[in-house]
Amino acid sequence: MGNLQNIALLIDADNTQLAKIEGVIREISTHGRIVVKRAYGNWKKDTLKNWEEQLKRLAIKAQQQFDYVSGKNATDMALVIDTLDLLYKGMYDAFVIVASDSDYTPLAIKLHESGVYVIGVGEMKTPEAFRNACDEFVFLENIDKDKDKEELVQSDNLSDAETDEQENKNMSGDPTNNLEEIHALLKIASDKYQDEDGYVNVSAAGTYIKRAKPDFDSRTYGFVKLPQLIEAFPEKYEIKRYPGKGKVTIVAYKCV
């Protein structure tokens with residue numbers, strides 16, 4: 001389902017892998033426009049101390065929820081209350097619940113009964129009841145799987161000094177160091193939107209990339225338009241052009 005206009009993304013930080021959050025946003029962006037991004041947790045906890053920078057970078061609103069009783073958090077209740085509040089506003093056509101906890105099953109059922117599209121995102125250990133209460137359920141283990149394998153191989157082949165150098169490059173502001181991110185997004189677009197021949201409309205891919213990475217501009221990478229960027233990598237993509245309506249020429253690509 002890729003025509004959703006207003007998606008609310010709600011994350012239980014106590015039940016989610018921080019390393020997967022950016023991948024979750026990319027995955028959900030293939031369905032449509034995310035207009036609400038919230039993460040819930042007691043941010044005073046040491047276990048959540050690494051979340052701050054990622055929440056800022058990904059423009060996710062942090063919702064503070066203190067633990068009223070020692071040993072038991074109230075994050076799930078806060079997330080449920082906020083979700084129902086958003087539901088009754090009638091502005092959203094899809095809700096994404098990022099958690100691996102069966103406690104969210106009644107919430108998913110309520111959302112489904114209200115006629116909105118429900119997507120769950122969690123680990124493979126997520127109870128079947130919650131998974132089946134959603135219209136669609138995405139396993140965290142399947143998100144960025146290829147990227148995880150690649151990073152593991154690279155880390156095994158690099159010395160400590162080389163690893164530090166690679167991390168510094170990834171943290172730099174030089175856009176040429178981030179071009180691999182664009183290739184990754186083009187691959188996701190290919191997997192989601194390809195036709196029966198394996199081709200993807202570049203326009204559709206560009207729309208998806210802007211959803212997942214709002215600051216994307218092909219000029220940042222030295223190309224006037226996205227098709228030129230794709231054409232610059234013939235070892236990665238095969239291009240074809242065909243006539244559209246009127247004088248319009250449609251450009252499509254296929255990963256090779």
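**A predicted model, by question and answer**

The protein chain has 10 helices and 9 strands; helices (H or I, at least four residues) and strands (E, at least two) are DSSP runs, numbered from the N terminus. This is a predicted model, in which local features need pLDDT of at least 70, side-chain atom pairs count only at pLDDT 80 or more, and totals for chains, interfaces and linings use all residues. Residues are numbered from 1 along each chain as its sequence is written, and side-chain values use heavy atoms, with hydrogens and water left out.

Visitor: What share of the 256 residues of the protein chain counts as buried?

Guide: Buried means under 20% relative accessible area, exposed over 50%, and partly exposed in between (1.4 Å probe, protein chains only). Accessible areas come from the Shrake-Rupley method with a 1.4 Å probe; for residues, only the protein chains shown count as cover. The accessible surface of the protein chain is about 14300 Å², and 49% of that belongs to carbon and sulfur atoms. Of the 256 residues, the share that counts as buried is 43%.

Visitor: Of the contacts in the protein chain with a separation of 6 or more, what percentage comes from residues 24 or more positions apart?

Guide: Contact means heavy atoms within 4.5 Å. Among contacts with a separation of 6 or more, residues 24 or more positions apart account for 58%.

Visitor: Where on helix H9 do its buried residues fall, seen down the axis?

Guide: Helix H9 covers residues 202–212, and its buried residues are Val202, Ala205, Gly206, Tyr208, Ile209 and Ala212. The arc is that of the directions from the helix axis to the C-beta atoms. An α-helix has 3.6 residues a turn, so residues three or four places apart point the same way. In H9 the buried residues fall within an arc of 165 degrees, so they line one face of the helix.

Visitor: Which strands are included in what covers the buried residues of H9?

Guide: The cover includes helix H1 (21–29), helix H8 (179–193) and helix H10 (226–231). The strands included are S7 (200–201) and S9 (249–255).

Visitor: Which backbone nitrogen does a side-chain oxygen of Asn201 reach at the start of H9?

Guide: A polar contact is a pair of N or O atoms within 3.5 Å; within protein, one must be able to donate a hydrogen and the other to accept it, and residues adjacent in sequence count only if both atoms are side-chain atoms. Here the side-chain oxygen of Asn201 comes to within 2.7 Å of the backbone nitrogen of Ser203.

Visitor: Is Ala189 buried or exposed?

Guide: Ala189 lies in helix H8. Leaving aside neighbours within four places in sequence, Ala189 is in contact with Gln194, Val200, Ala205, Tyr208 and Tyr253. Its C-alpha atom is 9.2 Å from that of Val202, 13 residues apart along the chain. With a relative accessible area of 0%, Ala189 is buried.

Visitor: How far apart in space are Leu179 and Leu229, C-alpha to C-alpha?

Guide: Leu179 is in helix H8 and is buried at a relative accessible area of 15%. Not counting residues up to four places away in sequence, Leu179 touches Tyr221, Leu229 and Phe233. Leu179 and Leu229 are 50 residues apart in sequence, and their C-alpha distance is 10.0 Å.

Visitor: Where do Arg241 and Glu231 lie?

Guide: Arg241 forms a salt bridge with Glu231, with the closest N and O atoms 3.0 Å apart. The pair links distant parts of the chain, 10 residues apart: Arg241 is in strand S8 (residues 237–243) and Glu231 in helix H10.

Visitor: How many disulfides does a search of the whole structure find?

Guide: A disulfide is a covalent bond between the sulfur atoms of two cysteines; the cut-off used is a pair of cysteine sulfur atoms within 2.5 Å. Cys134 counts as buried at 10% relative accessibility, and Cys255 as partly exposed at 24%. The number of disulfides found in the whole structure is 0.

Note on methods. Salt bridge = Lys/Arg side-chain N within 4 Å of Asp/Glu carboxyl O.
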